[in-house]
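Here are my notes on the model. Please read them alongside the coordinates.

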Amino acid sequence: MLAVTMGDGNGVGPEIALNAFKKRELSNERYALVGDYSVLDYCNDKLGLKVPLHKMASLEDEEKNALNIYDLHLLRSDQLTPGQINREVAAASREYVAEASRMALDHKFSALVTLPVNKEAIRLSDPDFTGHTELIADICGQTNYTMMLASDSLTVTHCSTHVSMEQSIQNVKKDRVYDVIKLTYDALARFKEQPRIAVAGLNAHAGEGGAFGRQEIDEINPAVEAANKDGMLCFGAIPPDTVFLRAYKGEFDAVVCMYHDQGHIPMKLLDFEGGVNVTLGLKVVRTSVDHGTAYDIAYKGIASTGSLAAAFEYGRKIQNR
């Protein structure tokens, strides 16, 4: 069984979960929605969706033709403030992810698919919160992981994500670049024979032989050489102004990026709604929608379900069985 976490109850997560079920966009794979029944019932009624809801007494208590909800009983519907930051609602959204992660570690779920939370809101109760990825990694007790954004148009992974540009440059080290190459290769190798991995340079023109920086010479190229020596099919460092076009045209299966926006900008340009956020390297398989809580359109019934459907399908492909 897969877990789908409900996300921030004041955002678009609840309506996306309800609409995806109503439109039968998720596969026949077994799943439970981890969240609050009261929130989903309220959203269902407010939007007139008439989705049949089933509050599970246990994970074995499934109803075939209903949306099965694993209710954590954290919120009442009168605590909601749709479209607004709310400390209690955000804290509950964090706990949906934490509890589903703990259950996955206990082999009760084979993968997590997460709907969006609001980092700013969660930091009202957890000042150190930086994101789903870091929370799940902390619960797993792991430090070697990375973020992948995947779609039919482009797939990218990152050597660093939610840090300053200054810190991201300092993070470009041979061992880290190699680790991300391997995490990327191993993930794609689950369903693709001999994946082709491109590695983007950090500097303009990939440093142009050291004229614009030495990270490619000292750190990135040695990592690429080590990966090829270990049997991976890896190319780089490739100038970042051309590598994404080459990948988009089919020359590579994924691009390893040196920092957050280097990968996110081309991904969101090419496939904003269909992108999937995947956490690689953890004991728990986790995929996520590649969008935020969208408070401005919450509870209007217009939020796209496409990213959830894509994230669910990717989670189904790479789940732990």
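1. Burial terms come first: buried means under 20% relative accessible area, exposed over 50%, and partly exposed in between (1.4 Å probe, protein chains only). Phe-235 is partly exposed, at 33%. Phe-252 is buried, at 5% relative accessibility.

2. Basis of the values. This is a predicted model, where local features need pLDDT of at least 70, side-chain atom pairs count only at pLDDT 80 or more, and totals for chains, interfaces and linings use all residues. Residues are numbered from 1 along each chain as its sequence is written, and side-chain values use heavy atoms, leaving out hydrogens and water.

3. Aromatic pairs. Rings of Phe, Tyr and Trp (its six-membered ring) pair if their centres lie within 6.5 Å; planes under 30 degrees apart are stacked, over 60 edge-to-face, the rest tilted. The count is 4 pairs. Phe-191 and Tyr-314 are edge-to-face, because their centres are 5.8 Å apart and their planes at 90°. Phe-191 lies in the loop between α7 (174-188) and β8, and Tyr-314 in helix α11 (residues 306-318), so the pair ties together parts 123 residues apart in sequence. Helices (H or I, at least four residues) and strands (E, at least two) are DSSP runs, numbered from the N terminus. Phe-191 is partly exposed at 36%; Tyr-314 is buried at 11%. Phe-235 and Phe-252 form a tilted pair, 5.6 Å centre to centre with 45° between the planes.

4. Charge over ring. The criterion is NZ of Lys or CZ of Arg within 6 Å of the ring centre and within 35 degrees of the ring normal. Lys-317 sits over the ring of Phe-191, 4.2 Å from its centre. Lys-55 lies over Tyr-37, at 4.8 Å.
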